Amino acid sequence: MNEMRMAEIMTTYVTNFAKYGNPNGIKNNDDGYWEPLSIGNTTKFLKINLPKPVMQDNLHQGRVKAWQQILKEDKLYN
């Protein structure tokens, strides 16, 4: 039964995004709020968890920041 509930949640997010340009729709979504990324924090992600998805930080536990540092120091990208 969890698979059906997860499919409902994801279908709602995708449908809302297609209709409104926002996965949360135009009203408060009871399934959890999918926050947009910001320039200052690109490691936020929606953890698709039951009973309710939640936003979390540190996607891949710092790998993104490590790659950002490598690219920042690489002369080809500066």
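Reader: What is the relative accessible area of threonine 11?
Author: The model is predicted, so every value here is computed from it. Threonine 11 sits in helix H1. Threonine 11 is partly exposed, because its relative accessible area is 47%.

Reader: Which backbone oxygen lies 2.6 Å from a polar atom of the threonine 11 side chain?
Author: Residues three or four places apart on an α-helix point the same way, because there are 3.6 residues a turn. Threonine 11 belongs to helix H1. A polar atom of its side chain lies 2.6 Å from the backbone oxygen of alanine 7.

Reader: How far apart in space are threonine 11 and proline 23, C-alpha to C-alpha?
Author: In sequence, threonine 11 and proline 23 are 12 residues apart. In space, their C-alpha atoms are separated by 9.7 Å.

Reader: How confident is the predictor, and which element has the lowest mean pLDDT?
Author: Mean pLDDT for the protein is 83, and 91% of its residues reach 70 or more. Helix H1, residues 2-20, has the highest mean among the elements, at 91. The lowest mean, 80, belongs to residues 63-73, helix H2.

Reader: What span should the 19 residues of H1 have, and how far apart are its end C-alpha atoms?
Author: Start from 1.5 Å a residue. The 19 residues of H1 should then span 27 Å. That agrees with the model, because the end C-alpha atoms of H1 are also separated by 27 Å.

Reader: Which residues of H1 are buried, and where do they lie around the helix?
Author: The buried residues are Met6, Ile9, Tyr13 and Asn16. Seen down the H1 axis, they fall within an arc of 100°. They therefore line one face of the helix.

Reader: What covers that buried side, and which exposed residues are turned away from it?
Author: Strand E1, residues 45-47, is included in what covers the buried residues of H1. The face turned away carries exposed residues. They are Glu3, Met4, Val14, Ala18 and Lys19.

Reader: What is the relative accessible area of glutamate 3?
Author: Glutamate 3 lies in helix H1. Its C-alpha is separated by 20 Å from that of tryptophan 34, 31 residues apart along the chain. Exposed means over 50%. Glutamate 3 is exposed, because its value is 62%.

Reader: How many aromatic pairs are there, and what is the geometry?
Author: A search of the whole structure finds 1 aromatic pair. The ring centres of tyrosine 13 and tryptophan 34 are 5.1 Å apart, and their planes stand at 85°, so the geometry is edge-to-face.

Reader: Which residue's backbone nitrogen does the side chain of asparagine 24 reach?
Author: Asparagine 24 lies in the loop between H1 and E1. It is buried, with a relative accessible area of 5%. At 2.7 Å, its side chain reaches the backbone nitrogen of tryptophan 34.

Reader: Which residues does asparagine 22 contact, leaving aside neighbours within four places in sequence?
Author: Asparagine 22 is in the loop between H1 and E1. It is partly exposed, with a relative accessible area of 27%. Leaving those neighbours aside, it is in contact with Asn16 and Phe17.

Reader: What is the omega of the peptide bond joining leucine 50 and proline 51?
Author: Most peptide bonds are trans. Proline 51 lies in the loop between E1 and E2. The bond joining leucine 50 to proline 51 is cis, with an omega of about 15°.

Reader: Which residues does asparagine 58 contact, leaving aside neighbours within four places in sequence?
Author: Asparagine 58 lies in the loop between strand E2 (54-56) and H2. It is partly exposed, at 44%. Its C-alpha is separated by 22 Å from that of asparagine 22. Leaving those neighbours aside, asparagine 58 is in contact with Thr43 and Phe45.

Methods:
Residues numbered from 1 in each chain as written. Heavy atoms only, no water. pLDDT = per-residue confidence, 0-100. Helix = DSSP H or I, 4+ residues; strand = E, 2+ residues; numbered from the N terminus. Expected span 1.5 Å × (residues − 1). Buried < 20%, exposed > 50% of the residue type's maximum accessible area, 1.4 Å probe, protein only. Arc of directions from axis to C-beta. Contact = heavy atoms within 4.5 Å. Phe/Tyr/Trp six-rings, centres within 6.5 Å; stacked < 30°, edge-to-face > 60°. Polar contact = N/O pair within 3.5 Å; in protein donor to acceptor, adjacent residues only side chain to side chain.
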